[in-house]
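Trainee: I am new to this structure and would be grateful for a close look at a single part of it. Please take me through that part in one connected account.

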Amino acid sequence: MAKSYRKFLKLLEQWPVDSSKLNRDLGQHIRERVKESFKTGEIYPTDENECSRIHDSLKRLADNQYGQMYPRKSNFCASGLSADECHALLTTEFLQNQEVLTKEKPIHIPVMVNEVLECLKPQPGQIFIDMTFGAGGHSQCILESAPDIKLFVLDRDPVSYSIASRLAGKFPGQVEPLLGKFSELPELLRSHGVRHNSIDGILFDLGCSSMQFDVAERGFSVSKDGPLDMRMDGYRFPEQPTAADVLANANEEDLVKILKVYGEEKQAKKITRAVIEARYTFKKLETTSELGELVASVCVDEERLDKLQRHAHSATKTFQALRIFVNNEINELNYGMILAETYLKVGGKLVTLTFHSLEDRIVKRHLLGNVIDNAINPLPLKYTNHSLWYDRNEIDSLLHSNWKLIHKHVLTPSVEEVNVNPRSRSAKLRAAIKVRDK
Ligand SMILES: C[S@@+](CC[C@H](N)C(=O)[O-])C[C@H]1O[C@@H](n2cnc3c(N)ncnc32)[C@H](O)[C@@H]1O
(Lines give C-alpha, C1' and ligand atoms only; values in the text may rest on other atoms or scores of the structure.)
Protein backbone atom coordinates (compact mmCIF):
# COMPACT_ATOMS: atom_id res chain seq x y z
CA MET A 1 0.00 0.00 0.00
CA ALA A 2 2.80 2.37 0.85
CA LYS A 3 3.87 2.46 -2.78
CA SER A 4 0.34 3.29 -4.03
CA TYR A 5 -0.05 5.81 -1.28
CA ARG A 6 3.06 7.64 -2.36
CA LYS A 7 1.90 7.55 -5.96
CA PHE A 8 -1.40 9.25 -5.10
CA LEU A 9 0.35 11.76 -2.94
CA LYS A 10 2.64 12.75 -5.77
CA LEU A 11 -0.28 13.05 -8.13
CA LEU A 12 -2.23 15.36 -5.84
CA GLU A 13 0.75 17.49 -4.97
CA GLN A 14 1.76 17.86 -8.55
CA TRP A 15 -1.56 18.95 -9.96
CA PRO A 16 -2.46 22.65 -10.12
CA VAL A 17 -5.79 24.14 -9.23
CA ASP A 18 -6.87 27.29 -11.01
CA SER A 19 -9.47 28.98 -8.85
CA SER A 20 -10.42 31.36 -11.67
CA LYS A 21 -11.93 28.44 -13.53
CA LEU A 22 -14.89 27.97 -11.21
CA ASN A 23 -16.37 24.46 -11.43
CA ARG A 24 -14.47 23.50 -14.55
CA ASP A 25 -11.01 23.19 -13.17
CA LEU A 26 -9.18 19.97 -13.84
CA GLY A 27 -7.09 20.07 -10.65
CA GLN A 28 -10.25 20.44 -8.63
CA HIS A 29 -11.87 17.63 -10.57
CA ILE A 30 -9.00 15.24 -9.87
CA ARG A 31 -8.96 16.14 -6.20
CA GLU A 32 -12.67 15.46 -5.94
CA ARG A 33 -12.34 12.20 -7.85
CA VAL A 34 -9.68 11.02 -5.42
CA LYS A 35 -11.79 11.98 -2.41
CA GLU A 36 -14.87 10.36 -3.96
CA SER A 37 -12.99 7.21 -4.85
CA PHE A 38 -11.75 6.81 -1.31
CA LYS A 39 -15.19 7.55 0.08
CA THR A 40 -17.03 5.02 -2.05
CA GLY A 41 -14.36 2.44 -1.49
CA GLU A 42 -13.41 2.49 -5.16
CA ILE A 43 -9.82 2.82 -4.00
CA TYR A 44 -9.42 0.09 -1.47
CA PRO A 45 -6.21 0.17 0.52
CA THR A 46 -5.28 -3.48 0.21
CA ASP A 47 -6.09 -3.85 -3.44
CA GLU A 48 -2.91 -2.90 -5.27
CA ASN A 49 -4.42 -3.55 -8.70
CA GLU A 50 -7.40 -1.36 -7.98
CA CYS A 51 -5.15 1.38 -6.60
CA SER A 52 -2.99 1.27 -9.70
CA ARG A 53 -5.99 1.34 -11.96
CA ILE A 54 -7.48 4.42 -10.30
CA HIS A 55 -4.10 6.05 -10.12
CA ASP A 56 -3.50 5.49 -13.82
CA SER A 57 -6.87 6.88 -14.79
CA LEU A 58 -6.31 9.97 -12.65
CA LYS A 59 -2.85 10.29 -14.09
CA ARG A 60 -4.35 10.33 -17.57
CA LEU A 61 -6.48 13.24 -16.42
CA ALA A 62 -3.53 14.94 -14.79
CA ASP A 63 -1.50 14.51 -17.96
CA ASN A 64 -4.34 16.20 -19.75
CA GLN A 65 -5.04 13.26 -22.05
CA TYR A 66 -8.63 14.40 -22.06
CA GLY A 67 -7.49 17.90 -22.85
CA GLN A 68 -10.33 18.43 -25.27
CA MET A 69 -12.84 17.42 -22.68
CA TYR A 70 -11.44 19.66 -20.00
CA PRO A 71 -9.60 22.36 -21.89
CA ARG A 72 -6.80 24.06 -19.95
CA LYS A 73 -6.51 27.71 -20.81
CA SER A 74 -3.41 28.45 -18.72
CA ASN A 75 -0.65 26.47 -17.11
CA PHE A 76 -0.17 28.49 -13.98
CA CYS A 77 0.09 26.31 -10.92
CA ALA A 78 -1.16 26.63 -7.38
CA SER A 79 -1.73 23.30 -5.76
CA GLY A 80 -5.30 22.94 -4.60
CA LEU A 81 -4.09 20.86 -1.71
CA SER A 82 -1.08 21.60 0.41
CA ALA A 83 1.30 18.74 1.03
CA ASP A 84 -0.23 18.49 4.53
CA GLU A 85 -3.73 18.24 3.17
CA CYS A 86 -2.64 15.52 0.80
CA HIS A 87 -1.14 13.65 3.69
CA ALA A 88 -4.33 14.04 5.72
CA LEU A 89 -6.46 12.77 2.87
CA LEU A 90 -4.22 9.81 2.32
CA THR A 91 -3.39 8.81 5.89
CA THR A 92 -3.51 5.11 6.59
CA GLU A 93 -6.31 5.72 9.14
CA PHE A 94 -8.37 7.51 6.55
CA LEU A 95 -7.79 4.78 4.03
CA GLN A 96 -8.49 1.97 6.44
CA ASN A 97 -11.87 3.45 7.30
CA GLN A 98 -13.10 3.05 3.75
CA GLU A 99 -15.46 0.32 2.65
CA VAL A 100 -14.70 -2.32 0.03
CA LEU A 101 -15.81 -1.45 -3.47
CA THR A 102 -19.48 -2.32 -3.73
CA LYS A 103 -20.57 -4.13 -6.87
CA GLU A 104 -22.05 -1.65 -9.32
CA LYS A 105 -25.32 -2.49 -10.98
CA PRO A 106 -24.89 -2.84 -14.73
CA ILE A 107 -25.15 0.44 -16.60
CA HIS A 108 -25.78 -1.23 -19.94
CA ILE A 109 -27.22 -4.71 -20.34
CA PRO A 110 -25.38 -6.53 -23.13
CA VAL A 111 -27.60 -8.01 -25.84
CA MET A 112 -27.68 -11.69 -26.98
CA VAL A 113 -24.59 -12.59 -25.00
CA ASN A 114 -24.99 -16.37 -25.28
CA GLU A 115 -25.48 -16.20 -29.03
CA VAL A 116 -22.45 -13.91 -29.40
CA LEU A 117 -20.25 -16.31 -27.42
CA GLU A 118 -21.66 -19.28 -29.28
CA CYS A 119 -20.55 -17.69 -32.57
CA LEU A 120 -17.16 -16.41 -31.42
CA LYS A 121 -16.33 -19.60 -29.49
CA PRO A 122 -13.37 -18.00 -27.66
CA GLN A 123 -10.44 -20.39 -27.11
CA PRO A 124 -7.54 -19.93 -24.66
CA GLY A 125 -4.94 -17.48 -25.90
CA GLN A 126 -7.02 -16.09 -28.77
CA ILE A 127 -7.07 -12.42 -29.74
CA PHE A 128 -10.31 -10.48 -30.16
CA ILE A 129 -11.42 -6.94 -30.93
CA ASP A 130 -14.56 -5.51 -29.36
CA MET A 131 -15.20 -2.65 -31.78
CA THR A 132 -17.94 -1.11 -29.63
CA PHE A 133 -16.91 -1.49 -26.00
CA GLY A 134 -19.72 0.60 -24.43
CA ALA A 135 -19.92 -0.48 -20.79
CA GLY A 136 -17.92 -3.62 -21.53
CA GLY A 137 -20.67 -6.20 -20.97
CA HIS A 138 -19.73 -8.31 -23.99
CA SER A 139 -16.02 -7.78 -23.42
CA GLN A 140 -16.22 -9.04 -19.86
CA CYS A 141 -18.12 -12.16 -20.99
CA ILE A 142 -15.51 -12.86 -23.69
CA LEU A 143 -12.72 -12.51 -21.12
CA GLU A 144 -14.46 -14.85 -18.72
CA SER A 145 -15.23 -17.48 -21.35
CA ALA A 146 -11.65 -18.78 -21.72
CA PRO A 147 -8.26 -18.20 -20.11
CA ASP A 148 -5.57 -15.90 -21.52
CA ILE A 149 -7.80 -14.08 -23.98
CA LYS A 150 -6.24 -10.91 -25.36
CA LEU A 151 -8.85 -8.26 -26.09
CA PHE A 152 -8.50 -4.93 -27.87
CA VAL A 153 -11.47 -2.78 -26.92
CA LEU A 154 -12.38 0.22 -28.99
CA ASP A 155 -14.92 2.97 -28.38
CA ARG A 156 -15.16 6.53 -29.60
CA ASP A 157 -16.76 7.66 -26.34
CA PRO A 158 -14.30 8.84 -23.64
CA VAL A 159 -16.72 7.60 -20.96
CA SER A 160 -16.44 4.06 -22.35
CA TYR A 161 -12.69 4.44 -22.58
CA SER A 162 -12.45 5.12 -18.87
CA ILE A 163 -14.62 2.06 -18.15
CA ALA A 164 -12.32 0.06 -20.42
CA SER A 165 -9.31 1.26 -18.44
CA ARG A 166 -10.93 -0.10 -15.30
CA LEU A 167 -11.58 -3.44 -16.97
CA ALA A 168 -7.93 -3.49 -17.99
CA GLY A 169 -7.05 -3.23 -14.30
CA LYS A 170 -9.28 -6.19 -13.51
CA PHE A 171 -7.72 -8.37 -16.22
CA PRO A 172 -4.06 -7.32 -16.09
CA GLY A 173 -2.22 -7.73 -19.37
CA GLN A 174 -5.33 -8.94 -21.21
CA VAL A 175 -7.27 -5.80 -22.14
CA GLU A 176 -5.99 -3.00 -24.36
CA PRO A 177 -8.35 0.01 -24.23
CA LEU A 178 -8.41 2.10 -27.41
CA LEU A 179 -10.11 5.48 -27.68
CA GLY A 180 -11.30 6.18 -31.20
CA LYS A 181 -13.71 5.60 -34.04
CA PHE A 182 -13.59 2.63 -36.41
CA SER A 183 -11.84 4.94 -38.86
CA GLU A 184 -9.10 5.59 -36.27
CA LEU A 185 -8.54 1.90 -35.60
CA PRO A 186 -5.74 1.18 -38.10
CA GLU A 187 -3.56 3.87 -36.50
CA LEU A 188 -4.34 2.62 -32.99
CA LEU A 189 -3.64 -1.01 -33.87
CA ARG A 190 -0.44 -0.07 -35.67
CA SER A 191 0.83 1.54 -32.49
CA HIS A 192 0.28 -1.81 -30.74
CA GLY A 193 2.02 -3.76 -33.49
CA VAL A 194 -1.16 -5.57 -34.60
CA ARG A 195 -0.89 -6.87 -38.16
CA HIS A 196 -3.53 -7.60 -40.80
CA ASN A 197 -4.94 -11.18 -40.81
CA SER A 198 -4.05 -11.72 -37.16
CA ILE A 199 -7.29 -11.49 -35.14
CA ASP A 200 -9.44 -14.48 -34.12
CA GLY A 201 -12.73 -12.69 -33.60
CA ILE A 202 -14.35 -9.28 -33.98
CA LEU A 203 -17.57 -8.03 -32.45
CA PHE A 204 -19.68 -5.03 -33.43
CA ASP A 205 -22.61 -4.14 -31.13
CA LEU A 206 -23.83 -1.04 -32.92
CA GLY A 207 -25.85 1.98 -31.87
CA CYS A 208 -25.79 3.80 -28.56
CA SER A 209 -25.05 2.56 -25.09
CA SER A 210 -27.46 3.10 -22.21
CA MET A 211 -24.88 5.49 -20.74
CA GLN A 212 -25.33 7.65 -23.81
CA PHE A 213 -29.13 7.38 -23.92
CA ASP A 214 -29.70 7.79 -20.22
CA VAL A 215 -27.56 10.84 -19.57
CA ALA A 216 -29.65 13.90 -20.43
CA GLU A 217 -26.56 16.08 -21.09
CA ARG A 218 -25.52 13.88 -24.02
CA GLY A 219 -28.72 14.85 -25.84
CA PHE A 220 -29.49 11.44 -27.40
CA SER A 221 -32.87 10.82 -25.87
CA VAL A 222 -36.17 12.43 -26.68
CA SER A 223 -37.42 11.53 -23.21
CA LYS A 224 -34.61 13.25 -21.30
CA ASP A 225 -34.34 17.00 -21.50
CA GLY A 226 -30.85 18.15 -22.36
CA PRO A 227 -28.80 20.03 -24.95
CA LEU A 228 -29.16 18.72 -28.51
CA ASP A 229 -25.63 17.37 -28.65
CA MET A 230 -25.59 13.66 -29.72
CA ARG A 231 -21.83 13.46 -30.31
CA MET A 232 -20.65 10.00 -29.33
CA ASP A 233 -17.11 11.37 -29.21
CA GLY A 234 -18.06 13.81 -26.44
CA TYR A 235 -15.73 16.78 -26.70
CA ARG A 236 -12.91 14.98 -28.50
CA PHE A 237 -13.47 17.03 -31.63
CA PRO A 238 -14.70 20.44 -30.46
CA GLU A 239 -15.33 21.50 -34.08
CA GLN A 240 -17.65 18.55 -34.77
CA PRO A 241 -21.20 19.87 -35.30
CA THR A 242 -23.81 18.91 -32.73
CA ALA A 243 -27.40 17.99 -33.59
CA ALA A 244 -28.37 21.59 -32.72
CA ASP A 245 -25.79 22.88 -35.23
CA VAL A 246 -27.21 20.61 -37.93
CA LEU A 247 -30.76 21.82 -37.26
CA ALA A 248 -29.59 25.43 -37.32
CA ASN A 249 -27.47 25.27 -40.45
CA ALA A 250 -28.41 22.44 -42.82
CA ASN A 251 -30.38 23.52 -45.86
CA GLU A 252 -33.91 22.29 -46.30
CA GLU A 253 -33.14 19.76 -49.01
CA ASP A 254 -30.33 18.15 -47.02
CA LEU A 255 -32.37 18.04 -43.84
CA VAL A 256 -35.20 16.24 -45.63
CA LYS A 257 -32.68 13.72 -46.95
CA ILE A 258 -31.17 13.18 -43.51
CA LEU A 259 -34.56 12.48 -41.94
CA LYS A 260 -35.74 10.32 -44.83
CA VAL A 261 -32.63 8.23 -45.34
CA TYR A 262 -31.27 7.93 -41.81
CA GLY A 263 -34.58 8.00 -39.95
CA GLU A 264 -36.85 6.43 -42.60
CA GLU A 265 -39.17 9.22 -41.49
CA LYS A 266 -42.26 9.50 -43.70
CA GLN A 267 -43.03 13.02 -42.48
CA ALA A 268 -39.52 14.25 -43.29
CA LYS A 269 -40.70 17.18 -45.41
CA LYS A 270 -43.23 18.42 -42.87
CA ILE A 271 -40.81 18.15 -39.98
CA THR A 272 -38.06 19.89 -41.93
CA ARG A 273 -40.36 22.77 -42.86
CA ALA A 274 -41.19 23.25 -39.19
CA VAL A 275 -37.49 23.25 -38.29
CA ILE A 276 -36.72 25.83 -40.98
CA GLU A 277 -39.62 28.03 -39.87
CA ALA A 278 -38.54 27.76 -36.26
CA ARG A 279 -35.23 29.34 -37.27
CA TYR A 280 -37.05 32.53 -38.19
CA THR A 281 -40.01 32.51 -35.87
CA PHE A 282 -38.52 31.99 -32.45
CA LYS A 283 -35.03 30.69 -31.74
CA LYS A 284 -32.48 28.05 -32.51
CA LEU A 285 -33.63 24.60 -31.42
CA GLU A 286 -31.29 23.87 -28.57
CA THR A 287 -32.79 21.21 -26.36
CA THR A 288 -34.14 17.71 -26.86
CA SER A 289 -37.52 18.74 -25.47
CA GLU A 290 -37.76 21.71 -27.85
CA LEU A 291 -37.15 19.41 -30.81
CA GLY A 292 -39.46 16.72 -29.39
CA GLU A 293 -42.28 19.21 -28.96
CA LEU A 294 -41.79 20.70 -32.40
CA VAL A 295 -41.96 17.29 -34.10
CA ALA A 296 -44.96 16.26 -32.00
CA SER A 297 -46.75 19.44 -33.04
CA VAL A 298 -46.26 18.49 -36.70
CA CYS A 299 -47.17 14.80 -36.46
CA VAL A 300 -50.40 15.29 -34.55
CA ASP A 301 -52.65 12.82 -36.26
CA GLU A 302 -50.72 9.62 -35.94
CA GLU A 303 -50.15 7.40 -32.95
CA ARG A 304 -46.73 5.77 -33.32
CA LEU A 305 -45.95 2.40 -31.76
CA ASP A 306 -42.63 0.67 -31.26
CA LYS A 307 -41.89 -3.00 -31.97
CA LEU A 308 -43.44 -3.98 -28.65
CA GLN A 309 -46.59 -2.05 -29.55
CA ARG A 310 -45.81 0.57 -26.91
CA HIS A 311 -46.40 4.25 -27.51
CA ALA A 312 -43.38 5.75 -29.28
CA HIS A 313 -42.60 9.46 -29.35
CA SER A 314 -43.21 10.94 -32.79
CA ALA A 315 -39.68 12.38 -32.76
CA THR A 316 -37.93 9.02 -32.24
CA LYS A 317 -37.03 8.66 -35.92
CA THR A 318 -35.93 12.29 -36.16
CA PHE A 319 -33.59 11.71 -33.23
CA GLN A 320 -32.23 8.53 -34.80
CA ALA A 321 -31.61 10.33 -38.10
CA LEU A 322 -29.76 13.22 -36.48
CA ARG A 323 -27.67 10.89 -34.35
CA ILE A 324 -26.62 8.82 -37.38
CA PHE A 325 -25.75 11.97 -39.31
CA VAL A 326 -23.87 13.72 -36.49
CA ASN A 327 -21.74 10.63 -35.89
CA ASN A 328 -21.31 9.66 -39.54
CA GLU A 329 -22.42 6.22 -38.44
CA ILE A 330 -23.13 4.71 -41.84
CA ASN A 331 -19.75 5.52 -43.35
CA GLU A 332 -18.06 4.43 -40.13
CA LEU A 333 -19.83 1.07 -40.27
CA ASN A 334 -19.02 0.56 -43.92
CA TYR A 335 -15.35 1.16 -43.16
CA GLY A 336 -15.58 -0.93 -40.00
CA MET A 337 -16.70 -3.92 -42.09
CA ILE A 338 -13.72 -3.48 -44.40
CA LEU A 339 -11.43 -3.36 -41.37
CA ALA A 340 -12.98 -6.53 -39.96
CA GLU A 341 -12.13 -8.34 -43.17
CA THR A 342 -8.62 -6.88 -43.13
CA TYR A 343 -7.71 -7.72 -39.54
CA LEU A 344 -9.38 -11.12 -39.11
CA LYS A 345 -7.24 -14.13 -39.93
CA VAL A 346 -8.66 -16.79 -42.24
CA GLY A 347 -10.97 -18.82 -40.02
CA GLY A 348 -11.56 -15.77 -37.79
CA LYS A 349 -15.14 -14.92 -36.85
CA LEU A 350 -17.17 -11.77 -37.16
CA VAL A 351 -20.31 -11.10 -35.12
CA THR A 352 -22.49 -8.04 -35.66
CA LEU A 353 -25.48 -6.80 -33.69
CA THR A 354 -27.47 -4.17 -35.57
CA PHE A 355 -30.50 -2.21 -34.42
CA HIS A 356 -32.04 -0.75 -37.55
CA SER A 357 -32.43 -1.72 -41.17
CA LEU A 358 -29.80 0.68 -42.53
CA GLU A 359 -27.11 -0.90 -40.39
CA ASP A 360 -28.28 -4.40 -41.13
CA ARG A 361 -28.29 -3.75 -44.87
CA ILE A 362 -24.68 -2.63 -44.81
CA VAL A 363 -23.56 -5.67 -42.85
CA LYS A 364 -25.55 -8.02 -45.07
CA ARG A 365 -24.20 -6.63 -48.32
CA HIS A 366 -20.64 -6.85 -47.07
CA LEU A 367 -21.12 -10.44 -46.00
CA LEU A 368 -22.67 -11.36 -49.34
CA GLY A 369 -19.85 -9.63 -51.20
CA ASN A 370 -22.19 -7.06 -52.73
CA VAL A 371 -19.52 -4.37 -52.41
CA ILE A 372 -18.09 -2.28 -55.21
CA ASP A 373 -14.97 -0.14 -54.69
CA ASN A 374 -15.12 -0.58 -50.92
CA ALA A 375 -18.71 0.71 -50.66
CA ILE A 376 -21.85 -1.37 -50.54
CA ASN A 377 -23.75 -1.59 -53.76
CA PRO A 378 -26.78 0.68 -53.22
CA LEU A 379 -28.95 -2.03 -54.79
CA PRO A 380 -29.27 -5.69 -53.94
CA LEU A 381 -27.79 -7.68 -56.82
CA LYS A 382 -31.15 -9.02 -57.95
CA TYR A 383 -32.39 -5.48 -58.70
CA THR A 384 -29.49 -4.21 -60.79
CA ASN A 385 -30.26 -2.95 -64.26
CA HIS A 386 -31.58 -5.71 -66.55
CA SER A 387 -29.81 -4.28 -69.56
CA LEU A 388 -26.39 -4.73 -67.98
CA TRP A 389 -24.43 -7.66 -69.27
CA TYR A 390 -21.61 -9.25 -67.30
CA ASP A 391 -19.08 -11.75 -68.54
CA ARG A 392 -18.20 -14.80 -66.47
CA ASN A 393 -15.27 -13.14 -64.64
CA GLU A 394 -17.33 -10.09 -63.78
CA ILE A 395 -20.12 -12.24 -62.40
CA ASP A 396 -17.63 -14.21 -60.35
CA SER A 397 -16.08 -11.05 -58.97
CA LEU A 398 -19.50 -9.53 -58.20
CA LEU A 399 -20.66 -12.60 -56.32
CA HIS A 400 -17.34 -13.17 -54.67
CA SER A 401 -17.43 -13.03 -50.89
CA ASN A 402 -14.65 -13.77 -48.47
CA TRP A 403 -17.21 -14.64 -45.81
CA LYS A 404 -19.09 -17.84 -45.02
CA LEU A 405 -22.28 -17.14 -43.10
CA ILE A 406 -22.63 -19.05 -39.83
CA HIS A 407 -26.44 -18.88 -40.00
CA LYS A 408 -28.65 -18.70 -43.05
CA HIS A 409 -30.93 -16.12 -41.45
CA VAL A 410 -30.45 -13.39 -38.88
CA LEU A 411 -30.81 -14.31 -35.23
CA THR A 412 -33.04 -12.21 -32.99
CA PRO A 413 -33.32 -12.11 -29.19
CA SER A 414 -35.65 -14.49 -27.37
CA VAL A 415 -38.96 -13.25 -25.98
CA GLU A 416 -37.53 -13.73 -22.48
CA GLU A 417 -34.56 -11.50 -23.27
CA VAL A 418 -36.78 -8.77 -24.75
CA ASN A 419 -38.96 -8.90 -21.62
CA VAL A 420 -35.97 -8.44 -19.37
CA ASN A 421 -34.24 -5.90 -21.62
CA PRO A 422 -36.69 -4.12 -23.97
CA ARG A 423 -33.74 -2.32 -25.61
CA SER A 424 -32.79 -5.62 -27.21
CA ARG A 425 -36.09 -5.73 -29.11
CA SER A 426 -34.77 -4.65 -32.51
CA ALA A 427 -31.44 -6.48 -32.36
CA LYS A 428 -30.36 -8.59 -35.33
CA LEU A 429 -27.33 -10.82 -35.07
CA ARG A 430 -25.31 -11.86 -38.10
CA ALA A 431 -22.16 -13.93 -37.89
CA ALA A 432 -19.66 -15.09 -40.46
CA ILE A 433 -16.28 -16.75 -40.83
CA LYS A 434 -13.59 -15.21 -43.00
CA VAL A 435 -12.81 -17.98 -45.44
CA ARG A 436 -10.15 -16.39 -47.62
CA ASP A 437 -7.91 -13.36 -47.88
CA LYS A 438 -8.90 -10.30 -49.87
C1 LIG B 1 -24.56 -0.57 -27.95
S2 LIG B 1 -23.11 0.13 -27.32
C3 LIG B 1 -22.10 -1.26 -26.99
C4 LIG B 1 -22.43 -1.93 -25.69
C5 LIG B 1 -21.46 -3.01 -25.28
N6 LIG B 1 -21.45 -4.12 -26.19
C7 LIG B 1 -21.72 -3.48 -23.88
O8 LIG B 1 -21.97 -4.68 -23.69
O9 LIG B 1 -21.67 -2.67 -22.97
C10 LIG B 1 -22.37 0.79 -28.73
C11 LIG B 1 -21.06 1.54 -28.46
O12 LIG B 1 -20.42 1.68 -29.71
C13 LIG B 1 -19.75 2.90 -29.74
N14 LIG B 1 -19.59 3.25 -31.16
C15 LIG B 1 -20.56 3.47 -32.06
N16 LIG B 1 -20.02 3.77 -33.26
C17 LIG B 1 -18.68 3.71 -33.11
C18 LIG B 1 -17.57 3.93 -33.99
N19 LIG B 1 -17.73 4.27 -35.26
N20 LIG B 1 -16.33 3.78 -33.50
C21 LIG B 1 -16.14 3.42 -32.19
N22 LIG B 1 -17.14 3.23 -31.31
C23 LIG B 1 -18.40 3.36 -31.77
C24 LIG B 1 -20.68 3.84 -29.00
O25 LIG B 1 -19.96 4.93 -28.48
C26 LIG B 1 -21.24 2.93 -27.91
O27 LIG B 1 -20.51 3.06 -26.73
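**The ligand shell and the sheet**

Mentor: Sorted by class, the shell around the ligand consists of 6 nonpolar, 9 polar and 6 charged residues. The model is a predicted one. The ligand is surrounded by 21 residues, of which Pro110, Thr132, Gly134, Gly137 and Glu332 are the closest. Two elements, α7 (137–145) and β2 (150–155), each contribute at least two residues to this shell.

Strand β2 leads us to the sheet. This open sheet has 7 strands in the order β3-β2-β1-β4-β7-β11-β10, and its pairing is mixed. At its edges stand β3 (175–179) and β10 (403–405); each has a single partner strand, so one side of each lacks a neighbour in the sheet. From one strand to the next, the twist averages 20 degrees.

Strand β1 (residues 127–130) runs parallel to β2, joined to it by 4 bridges. Asp130 has Val153 in β2 as its bridge partner. Helix α17 (residues 357–367) packs on the sheet, where it touches β7, β10 and β11, and its direction makes about 20 degrees with that of β11.

Strand β4 (residues 199–205) runs parallel to β7, with 6 bridges between them, and Ile202 stands opposite Leu350 in β7. With β11 (residues 428–434), by contrast, β7 pairs in the antiparallel sense, again over 6 bridges; there, Leu353 has Leu429 of β11 as its bridge partner.

Definitions and conventions
Residues numbered from 1 in each chain as written. Predicted model: local features only at pLDDT ≥ 70, side-chain atom pairs only at ≥ 80, totals over all residues. Pairing = 2+ DSSP bridges. Near = placed C-beta within 6 Å. Nonpolar A, V, L, I, M, F, W, Y, C, P; charged D, E, K, R; others polar. Axes fitted to C-alpha atoms, helices over the stretch in contact; angles between N-to-C directions. Contact = placed C-beta atoms within 7 Å.
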